[in-house]
Amino acid sequence: MAMELKRVGKNVDLQTIFDTLKQDGAVIVEGFASPEQVKQMNLDFDQPAIDTGPGSKKDDEYEILKIFHGYQTTRVNNLVTHSKTFREQILNNDLIHELGEHFFREKSGDWWLMATQLIQIGPGNAAQPLHRDLENFPAFIEMGKKGPCVTANCMIALTDFTEENGATRVVPGSHEWDDFEMSDEERFRHEETIPALMKAGDMLIWEGKVIHSGGENKTSNEYRRGISLPMIPGYFTPEETYPFSIDLEIVRNLPARVQKIIGFRSIFPKTGNGLWQHNFEKLEDYLGLN
């Protein structure tokens, strides 16, 4: 296993990023977001983070999800509404869309966002159980490394990610393991992982087959804050219901490609007649977005 994740600059050629993802399953892009963007997004998300507060919002019968979400971890959704900088600059960044095309276009066709989430790991939070993001879609666990890419993720650091404050833990190369089943014991072997050490503005990219988790925050006063941007093929149901959450007037001012990945335009997978339509009419036409 690699001792540290490979790092590239934000202006590196795309093929270098793609080659690293193929080999290691993960890569860090340094300086993806500018200091000004990081500062503004932190300001935008401060109050929603306070309003949301730490801990899972699941009922008591979902104890495993409470552990997974983190008792001292704050998770804020619907970031599109909360931050103009996020929706107009980050979601419209060319690299985000190039990654979506790379992961999904050939085998799945169209793609969109599963969710957008601020993840703020607070002092004393235990390490998250290790997992693969494709576990959201159980059938693909059995397919293992031979299955298609059905999810990929980006984590944009809004604070420095350190070993001590809960940097994301990754097992490079685990997307090529023969067996994707994980026992309860294996989910807590964090000594087999390495931390994704990042400066604020850096972005970690990983394929959905890669084992990873949020790290343990061993500090007494530091909060590790980042934005998660999971992507999925257009034929899967997203985690967030954006068309019911975002004001249409906000959406009208966004580029078409951003409107699509948050669910306000029809999706056209590789096969079939298209999805997310209104009476076989494109959703964007029905909503008057053209």
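Author: A pocket, as the word is used here, is an open set of points on a 1 Å grid over the protein atoms alone, with protein on both sides within 12 Å along at least five of seven lines. Its volume is the space filled by probe spheres set on those points. The model examined is a predicted one.

On this basis, the second largest pocket holds about 550 Å³ of space. Its lining is made up of 21 residues, and those nearest the centre are His102, Phe103, Lys107, Cys149 and Glu207. Two helices, α1 (14-24) and α6 (94-108), each contribute at least two residues to this lining. The greatest contribution is that of α6, which supplies eight residues. Sorted by class, the lining of the second largest pocket comprises ten charged, six nonpolar and five polar residues.

The largest pocket provides the context, with a volume of about 1,100 Å³. It is lined by 45 residues, of which Phe68, His69, Arg75, Gln128 and Glu239 are the closest to its centre. Two or more lining residues come from each of α3 (63-69), β3 (73-77), β5 (117-121), β6 (152-157), β10 (212-213) and β11 (224-228). Among the contributors to the largest pocket, α3 gives the most, with five residues. In this lining, 19 residues are polar, 16 are nonpolar and ten are charged.

Two individual residues may be considered next. Asn42 belongs to helix α2, which spans residues 35-52. Its relative accessibility is 16%, and Asn42 therefore counts as buried, the limit for that class being under 20%. Beyond residues up to four places away in sequence, Asn42 touches Leu158 and Arg225. With Arg225 there is also a polar contact of 3.0 Å between the two side chains.

Pro243, by comparison, is placed in the loop between β12 (231-233) and α8 (248-252). Because its relative accessible area is 32%, Pro243 is classed as partly exposed. When neighbours within four places in sequence are set aside, Pro243 is in contact with Ile262, Gly263, Phe264 and Trp276.

Technical notes
Residues numbered from 1 in each chain as written. Predicted model: local features only at pLDDT ≥ 70, side-chain atom pairs only at ≥ 80, totals over all residues. Heavy atoms only, no water. Helix = DSSP H or I, 4+ residues; strand = E, 2+ residues; numbered from the N terminus. Buried < 20%, exposed > 50% of the residue type's maximum accessible area, 1.4 Å probe, protein only. Contact = heavy atoms within 4.5 Å. 1 Å grid on protein atoms, 1.4 Å probe; cavity = no way out; pocket = protein on both sides within 12 Å on 5 of 7 lines; lining within 4 Å. Nonpolar A, V, L, I, M, F, W, Y, C, P; charged D, E, K, R; others polar. Polar contact = N/O pair within 3.5 Å; in protein donor to acceptor, adjacent residues only side chain to side chain.
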